[in-house]
Amino acid sequence: MKRRNALAAIASLTLLAISSPSQSSGPLVTVFKTPTCGCCGKWVEHLRANGFSVKVQEVNDTAGYERQYRVPRTLVSCHTAVVNGYTIEGHVPAADIKRLLNEKPKAVGLAVPGMPVGSPGMEAAHSEAFSVLIFDESGHGSVFARYPAR
């Protein structure tokens, strides 16, 4: 009887581990990044820690993906991602991606141009102010969220 109880306990723990909420089960984000970019890897960790499922595609150059997913030249960064039909360019905070997916605005996507210190994946003791921009088919961008310097 003890062996049967032990096996049942092991089976229950295994099932619990598989269905644990710590596992990413949110929307799938496909990220196109170069193999040598450490900050891109940290941004991927940020997304996973915030509930997104992430598929990373290592590429030699992201420029073709920026064009394919209609990122305006003025808004480029070090990696390009796609989620639920939206383009995500650069170090966009997970909370803003969730907001985008909840609100479903008519837009191509979100971008954090460049690589601002303090954005997800670019953490440091001090950070610079940065904005998340939402952009449309014509390449016009406007402020979606602002983050102050710290």
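E58 is partly exposed, with a relative accessible area of 46% (buried means under 20% relative accessible area, exposed over 50%, and partly exposed in between, with a 1.4 Å probe and protein chains only). The model is a predicted one, in which local features need pLDDT of at least 70 and side-chain atom pairs count only at pLDDT 80 or more, whereas totals for chains, interfaces and linings use all residues. Residues are numbered from 1 along each chain as its sequence is written, and side-chain values use heavy atoms, with hydrogens and water left out.

The side chain of E58 meets that of K33 in a salt bridge, at 3.3 Å from N to O (the term requires a side-chain nitrogen of Lys or Arg within 4 Å of a carboxyl oxygen of Asp or Glu). Because E58 lies in strand 2 (residues 53-58) and K33 in strand 1, this pair ties together parts that are 25 residues apart in sequence; helices (H or I, at least four residues) and strands (E, at least two) are DSSP runs, numbered from the N terminus.

The structure holds three salt bridges. In another of them, R70 is paired with E137, the closest N and O atoms being 2.6 Å apart. R70 lies in the loop between helix 3 (63-68) and strand 3, and E137 in the loop between strand 6 and strand 7, so the pair ties together parts that are 67 residues apart in sequence. E103 also forms a salt bridge with R99, at 3.1 Å between the closest N and O atoms, and these residues, being four apart in helix 4, are separated by about one helical turn.

Helix 4 also has an inward side, where A94, D96, I97, L100 and L101 are buried. They cover an arc of only 165 degrees around the axis (taken from the directions from the helix axis to the C-beta atoms), which puts them on the same side of helix 4. On the other side of helix 4, A95 and N102 are exposed.

The largest nonpolar core has 24 residues, of which L47, F52, I88, I97, L110 and V132 touch the most other members (such a core is a set of buried Ala, Val, Leu, Ile, Met, Phe, Trp, Tyr and Cys residues joined through side-chain atoms within 4.5 Å). Helix 4 gives the most to this core, with four residues.
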